[in-house]
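Here's a quick briefing to read alongside the model. Have the sequence and the 3D view open as you go.

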Amino acid sequence: MSKAAEIDIAAVSKVYGNTTAVHAISLKIPSGTYCCLLGPSGCGKTSTLRMIAGHESVSSGDVRLGNAVVTDLPPAKRGTAMMFQSYALFPHLDLVDNVAFSLKMKGVEKEERRRKAMDMLKLMQLEPYATRRPAQLSGGQQQRVALARALITNPEALLLDEPLSALDPFLKIRMRAELKKLQTSLGITFVHVTHSQEEAMALADLIVVMNEGRIEQAAHPRVVFEAPATAFVARFMGDHNVLSGRIVERTENGLFIEVSGGGRFFAKGQAPVEDETADIAIRTDHVRLGAAPATGLGFDGIISNLEYLGAKVKLTITTAFTDEFTAVLTDAAFFAAPVKVGEVVTLSWDDTDSIVLGRIGH
């Protein structure tokens with residue numbers, strides 16, 4: 001296999017007419033990394049992937065692969081391979097010819113390209129199906145054929161556009177494990193576009209959360225989960241409650257905000273001196289029921305919804321200042337002292353579970 005390449009995106013923008021899809025983003029993806037570009041539809045993640053691949057021109061900025069600037073190179077000269085969402089397999093060709101197609105285009109001898117294609121099918125555990133056509137395969141097998149076809153060119157980076165979106169939930173989880181195993185064994189850089197937080201958390205060494213053409217945070221999954229950089233990341237990852245309010249007091253290790261509708265809350269960290277408002281995040285799975293809160297670390301509210309999720313129970317609490325405060329309890333904690341919709345409850349948390357969020361542009 002060829003060596004993995006570092007990918008360096010330097011102030012890259014993509015403009016379509018009057019619309020800027022990607023706003024001067026800069027990102028370094030270390031070689032051999034499994035990177036997930038994560039965000040809602042229309043956030044610029046697929047445009048970014050296609051600019052790395054060369055399927056989309058760069059409006060301004062540069063894309064480097066290893067030591068080479070590839071901004072103006074055609075896809076075939078970049079050392080990347082792209083796996084498309086639709087797999088785009090040729091229905092009239094058997095698996096060997098599907099996988100060997102790019103080598104045929106490069107003028108590789110028939111015997112050699114078939115040998116290489118068989119090696120790739122062996123790697124994907126598809127050797128027994130070599131003479132079948134794509135329509136005779138399951139979704140997961142078709143996906144492995146598409147992977148084999150992308151990898152036969154010995155790319156330094158494999159680019160995957162929502163590769164698991166067409167699969168059913170059980171197969172998704174199986175294929176996730178296979179992708180991770182494949183990336184680890186090949187050691188090449190994978191860049192994978194997804195809108196699934198769970199998928200990104202399960203696969204990535206580096207999660208890049210995008211929103212409206214900008215990067216909100218690029219970090220290891222644990223950092224994104226435990227210390228979201230902005231209110232958008234905290235909400236999108238779904239594991240923090242976000243409260244916004246006026247800064248009323250600054251202390252040595254944090255600040256207090258006052259939210260409209262009443263309520264004064266403490267969070268660790270600082271906001272720029274010129275800021276009058278701040279966003280704070282509170283871990284949903286660290287909220288407790290019943291204990292009297294310390295100053296700024298809790299409130300009373302009414303339970304508006306309960307969801308039993310097996311190992312945990314998700315509670316939605318309504319107050320004068322928010323409709324959607326979430327507490328996630330273990331099933332043991334919930335059933336030790338169960339509550340019902342409509343009940344008034346006291347919520348509390350520790351100061352370590354409440355953090356001040358940053359804002360894009362600071």
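**Helix H1 and what follows**

Helix H1 (residues 45–53) is mostly covered, with seven of its nine residues buried; buried means under 20% relative accessible area, exposed over 50%, and partly exposed in between (1.4 Å probe, protein chains only). Keep in mind that this is a predicted model, where local features need pLDDT of at least 70, side-chain atom pairs count only at pLDDT 80 or more, and totals for chains, interfaces and linings use all residues. Residues are numbered from 1 along each chain as its sequence is written, and side-chain values use heavy atoms, with hydrogens and water left out.

- The buried set in H1 is Lys45, Ser47, Thr48, Leu49, Met51, Ile52 and Ala53.
- Helices (H or I, at least four residues) and strands (E, at least two) are DSSP runs, numbered from the N terminus.

**How H2 and H3 pack**

- The axes of H2 (residues 95–105) and H3 (residues 110–123) come within 8 Å and cross at roughly 125°. That makes H2 oblique to H3.
- On the cut-offs: angles under 35 degrees count as roughly parallel, over 145 as roughly antiparallel, 65 to 115 as roughly perpendicular, and the rest as oblique. Axes are lines fitted to C-alpha atoms, for helices over the stretch in contact, and angles run from 0 to 180 degrees between N-to-C directions.
- From H2, Leu95, Val96, Asp97, Val99, Ala100, Leu103 and Lys104 meet Arg113, Arg114, Lys116, Ala117, Met118, Met120 and Leu121 in H3; contact means heavy atoms within 4.5 Å.
- Sorted by class, this contact of H2 with H3 has nine nonpolar, no polar and five charged residues.

**Cysteines**

- Zero disulfides turn up in a search of the whole structure; the cut-off is a pair of cysteine sulfur atoms within 2.5 Å.
- Cys35 is in no disulfide, and the nearest cysteine sulfur, that of Cys36, is 6.8 Å away. Cys35 counts as buried because its relative accessibility is 0%.
- For Cys43, the closest cysteine sulfur is in Cys35, 12 Å away and so too far for a bond. Cys43 also counts as buried, at 2% relative accessibility.

**Thr316**

- Where does Thr316 sit? Its place is in strand E17 (residues 312–318).
- Thr316 counts as buried, at 16% relative accessibility.
- Leaving aside neighbours within four places in sequence, Thr316 is in contact with Ile302, Ile303, Ser304, Asn305, Asp323, Glu324 and Phe325.

Notes: Nonpolar A, V, L, I, M, F, W, Y, C, P; charged D, E, K, R; others polar.
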